[in-house]
Amino acid sequence: MKDCKNVWIFAEAQRGKLSPTALELLTAGRKLADDLGEKLCAVLLGYQVEKFARDLFEHGADVVYVCDDKALEHYLDDVYARVLADLIALYKPNKFLLPATNLGRSLSAKTAIFVGTGLTADATEVVINNEDGQLHATRPTFGGNLMATITCAHTRPEMCSLRPMSYEKAPRQAGRTGEVVKFPFDPQRHTTLAKFLEFIKSKGDGLDLSEAEIIVAGGRGVGKAEGFELLHKLADRLGGAVAASRAPVDSGWIDYRYQIGLTGRTVKPKVYIACGISGQIQHMAGMSGSDVIVAINKDAEAPIMKVANYAVQGDLYDVVPAMLEALK
Amino acid sequence: MHIVACVKQTPKSDNVKIDPATGCLIRSGAASAMNPFDEYALEEAVTLKEQLGGTVSVITMGPPQAEAVLRDSIARGADAVYQLGDMAFAGSDTWSTSYALSKGIEKINSVRPVDLIICGKQTNDSDTGHIGPQISAWLKMPNAAFVKKVVEVKEKSIVVERLTEDGSEVLELPFPCVLSVVKEINSPRVRSVKGRMAAKRAEVTKWTADDIGADKTMLGVKNCPTRVVKSFVPKREVCAVAVEGANGKEKAANLVKLLKDGKYI
Amino acid sequence: MDYAINEMEQEVLNATRELAQKKLKPLRAEMDAKEQFSQEMLQEYRKSGMMGLWLPEEYGGLGGGITCLAMAFEELSRVCAGLALTPGTSALGAIPMFLAATKEQRERWCPDLASGKKLWAFALTEPEAGSDATALKTTAIKDGDFYVVNGTKHFISTGKEADFYTVAVNTNPSRGARGISLLVIEKGTPGFSFGKKEEKMGIRSNPTYELIFENVRVPKENLLGSEGRGLLYLQETLDYSRPGVAAQAVGIAQGALDETIPYLRTRKQFGQPIITFQALGHKVAELAAKTEAGRALVYSLTHRMDEEYLPAVKNAVANGTTVHDELKKLKGQRWTKYSAEAKLFCSNVAMEVADECVTLCGGVAYMRDFPLEKYMRDAKITQIYEGTVHIQKNEIITALIKEYAAKGDEE
């Protein structure tokens with residue numbers, strides 16, 4: 001354990017793009033590495049991904065481990081986890097942060113078993129404990145109703161997946177460089193029985209909810225499917241996206257993929273404008289991490305009015321058109 | 001086709017209590033139910049069974065009262081249910097839990113070979129999403145997480161669609177394999193009258209750590225790699241500002257000003 | 001109050017309540033507005049075993065009786081009387097078959113009926129034969145191993161969606177009402193087509209169609225019972241099915257109250273929740289009492305019916321005989337009067353409760369966004385189908401006159 005050194009981050013790169021989570025992990029990882037006096041290293045797995053090493057250096061990485069092979073073009077759990085496990089066995093990192101994306105959640109879980117170490121899921125804050133140098137990862141559980149700080153005392157690396165958008169992206173330092181370490185792909189060891197067949201791009205109509213900085217969400221109070229057109233207008237005006245609580249989804253006014261909450265998606269925009277949403281705990285679980293919550297509701301006693309930063313008592317059909325007017 | 005669905009009993013309510021000494025949940029007293037995400041896993045297993053024939057076994061790990069979630073599984077269409085219950089399991093993290101479940105599944109497999117293991121995307125209490133991929137790691141099986149659709153079942157493999165942030169990936173996995181499924185995959189049925197009646201009479205197979213041949217040094221709060229050192233209820237430092245105004249129009253104007261002043265928009 | 005007297009009935013209540021809340025409720029407004037049948041809901045009914053509650057386990061049913069059927073119909077109608085008709089009308093269409101069918105016919109039709117793979121419908125009404133069923137003009141003339149059917153049926157519930165139609169025909173027009181027989185006619189049989197789809201006031205998510213028969217050749221194996229006995233089977237069918245309509249009416253009344261009471265509790269006028277105004281509160285109390293009275297009437301009747309129906313079904317399966325014959329052997333009750341009383345009372349309660357509830361809630365309840373107006377529209381049909389309220393009164397008074405005439409003879 002003593003010879004385990006350095007803070008690693010997993011730089012997710014799929015379909016020719018470096019995930020924005022890589023730069024967030026560099027922010028979190030840089031602080032950990034500096035506190036420990038160790039190096040910050042990034043891991044790049046994929047096909048034709050070496051080109052991203054420069055980005056990673058310019059955003060704070062000291063070392064980039066690259067395993068670049070056609071067999072890694074598409075994410076398959078076993079191949080990626082086996083490569084990662086071999087990398088870890090060879091270079092013995094101290095801490096390892098991965099993104100809590102769909103890919104990262106699955107990859108981190110499988111890798112932790114191959115490596116034989118502990119993993120904390122979906123943390124929103126990671127710090128080094130001054131006394132023992134351990135990683136303290138804090139994460140929401142029960143849909144955000146409880147925070148838990150988790151450690152992994154006896155095995156290394158201490159692994160953790162970090163919730164997207166928990167940290168700012170690291171600033172670019174033009175010209176900053178580091179060391180590229182190439183790791184050979186071994187077709188005998190790095191195998192899987194699974195086969196990739198094809199990628200289907202989502203039919204994006206508007207901004208992806210997870211990337212939206214402003215979300216205008218509607219609840220039961222919207223009253224009808226057509227009501228979402230008004231919310232779309234406000235969202236378009238603010239450069240944001242539209243979402244919903246469960247009631248409109250159940251009523252068929254809007255698709256399930258727009259549902260925010262315990263049984264829908266979790267979002268963390270800068271501004272969350274809840275229109276006609278009462279604010280049941282299940283809904284709050286999906287949006288309580290928003291920087292600013294605005295509630296527009298007829299009922300001043302609705303739970304959401306208590307947690308909102310700005311509470312507007314009124315009919316959304318009066319207030320939203322007036323907001324559009326005021327924004328002109 | 002022999003399908004194993006993994007389910008967990010979790011608190012229904014979001015108001016949970018934590019034991020400050022152990023950092024573990026205090027489960028007694030709170031209303032419990034099947035983890036909502038596991039309903040989709042079980043429904044997919046039952047649907048595949050109906051289409052292809054076969055058996056659905058359900059496994060859970062948990063205290064004695066977790067038997068209820070297995071009876072519920074029978075009501076939802078499962079054929080056989082298994083409970084891993086032992087003080088040695090108490091307080092296990094995902095590493096230890098997935099190890100225990102994998103040992104339990106190995107034992108089920110020794111009686112009737114398992115073709116497919118289906119888990120929910122995550123639980124509503126610990127929200128990790130680790131268990132599916134980790135069971136597959138212990139059992140050395142291929143896996144896919146965030147599965148939103150079973151495209152096709154072939155003789156020796158299954159074709160699935162896996163959700164990514166920007167779309168979906170179609171994968172083919174040979175049996176046996178492990179899937180973790182998301183809500184989009186189906187719409188879980190309600191418990192039928194026959195199922196409800198069968199649930200009351202179903203036999204629950206109960207196994208201890210020894211029964212499944214699990215290494216006790218890999219189980220429980222003392223042996224698992226991670227540990228909850230602190231838990232707390234997050235403070236929402238919100239001072240709700242009631243936006244003033246004589247009417248909707250004035251309030252809207254004031255709100256827009258507040259948001260602009262705060263540089264939020 | 002729950003009237004379940006055994007585990008099975010209690011679980012029927014539990015299961016239908018869960019199904020109604022989770023699956024039916026999200027669909028009801030849209031399907032009503034679009035006047036569309038829901039295949040999605042049919043799938044849910046199939047998966048939850050709702051289509052075979054009243055059929056024996058030997059055919060894949062639950063093994064319940066008339067009570068189980070009525071309870072399910074009440075709980076589903078409490079949320080949506082329109083979509084509740086999918087299992088409701090399939091049972092209505094299949095009851096005459098199940099009563100009169102031979103062992104072979106049961107084995108042929110019941111498994112797919114119980115699983116819900118095939119839907120049944122009941123076709124009696126014709127443009128010229130409504131309350132007077134004896135006036136029906138659809139003919140079925142024997143031709144070798146076939147009947148050749150000609151005629152038109154209208155206002156047929158679950159029309160076009162159903163796979164099998166139990167059709168009242170006249171096999172011997174010269175004998176009038178004594179020529180009426182029942183034939184099972186399968187969708188897709190050449191010459192059998194669908195005419196006009198009706199646009200209705202209520203139960204709009206259940207399609208109502210005209211059926212047209214032009215030289216439709218129906219194999220003689222599809223005749224139920226024997227020729228000329230149709231009216232007898234029809235009467236027996238209605239005796240068993242009218243409590244179902246009564247249960248549906250109770251469900252509609254209860255559903256209207258379910259929407260009304262929470263609204264009256266939260267709606268404030270003159271500074272207080274309006275339910276605290278005695279005029280309103282007392283009205284609700286009266287409506288609740290009438291609804292409960294209707295429910296008690298329905299289930300005291302169905303429980304008595306099951307005391308004969310369940311043993312008769314059991315015997316029919318064991319002996320390879322018809323349910324009709326086994327019922328006769330048991331020398332049971334004639335239920336006509338009681339069934340008519342239940343349907344008369346409950347359908348009037350449903351209409352009154354739905355109507356008053358809309359008034360109690362006021363303007364909001366007149367709007368389509370609020371579910372109450374749908375209950376008022378749906379309630380009306382319970383006063384009309386399977387015999388109007390006036391026909392029920394005829395049944396009751398006819399039975400009463402007979403009863404008292406018999407008493408007079410004794411004296």
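Okay, let's start with two helices in chain C. H1(C) and helix H2, residues 39-47 of chain C, pack at an angle of about 170°, and their axes are 10 Å apart. That makes H1(C) roughly antiparallel to H2(C), because anything over 145 degrees counts as roughly antiparallel. Keep in mind as we go that this is a predicted model.

So who touches whom? On the H1(C) side we have C:Leu19, C:Lys23, C:Leu24 and C:Leu27, and they meet C:Glu40, C:Met41 and C:Glu44 in H2(C). If you look at the spacing on those helices, here's a handy reminder: an α-helix has 3.6 residues a turn, so residues three or four places apart point the same way. By class, the contact of H1(C) with H2(C) has four nonpolar residues, no polar ones and three charged ones.

Where they meet, 21 residues of domain 1 of chain C are in contact with 19 residues of domain 2 of chain C.

Which helices supply at least two residues each to the domain 1 side of that contact in chain C? They include our friend H1 (7-34), and also helix H4 (85-100) of chain C. H4(C) gives the largest share of that side, nine residues. The domain 1 side that touches domain 2 of chain C has 11 nonpolar, seven polar and three charged residues.

Next up, chain B. There are seven helices and 15 strands in chain B, and its C-alpha trace spans about 70 × 45 × 40 Å along the principal axes. Of its 265 residues, 55% count as buried. Take the contacts in chain B between residues at least 6 apart in sequence: 69% of them join residues at least 24 apart.

One piece of chain B I'd like you to find is helix H4, residues 131-138. Is it enclosed or exposed? Eight of the eight residues of H4(B) are buried, so this helix is largely enclosed by the rest of the structure. Among those buried residues are B:Ile131, B:Pro133, B:Ile135 and B:Trp138. Just after H4(B), look for B:Lys140, which takes a positive phi of about 55°.

Still in chain B, let's go to the strands. S10, residues 157-164 of chain B, pairs with S11(B) in the antiparallel sense over eight bridges. Those two strands form a hairpin, with two residues between them. One spot to check is B:Arg162, which stands opposite B:Glu169 in S11(B).

And S11(B) has a partner in another chain. Strand S13, residues 195-201 of chain A, pairs with S11, residues 167-174 of chain B, in the antiparallel sense over six bridges.

How many residues does each chain give? Chain A gives 72 residues and chain B gives 67. On the chain A side, the largest share, eight residues, comes from helix H4, residues 102-115 of chain A. By class, the side of chain A that touches chain B has 38 nonpolar, 22 polar and 12 charged residues.

Definitions and conventions
Residues are numbered from 1 along each chain as its sequence is written. Chains are lettered from A and ligands numbered from 1 in the order in which they are written. This is a predicted model: local features need pLDDT of at least 70, side-chain atom pairs count only at pLDDT 80 or more; totals for chains, interfaces and linings use all residues. Two residues are in contact if their C-beta atoms, placed from the backbone, lie within 7 Å. Helices (H or I, at least four residues) and strands (E, at least two) are DSSP runs, numbered from the N terminus. Ala, Val, Leu, Ile, Met, Phe, Trp, Tyr, Cys and Pro count as nonpolar, Asp, Glu, Lys and Arg as charged, and the others, Gly among them, as polar. Two strands pair if DSSP finds at least two bridges between them. A residue is buried if 20 or more other C-beta atoms lie within 10 Å of its own, exposed if 12 or fewer, and partly exposed in between; C-beta atoms are placed from the backbone. Axes are lines fitted to C-alpha atoms, for helices over the stretch in contact, and angles run from 0 to 180 degrees between N-to-C directions. Angles under 35 degrees count as roughly parallel, over 145 as roughly antiparallel, 65 to 115 as roughly perpendicular and the rest as oblique.
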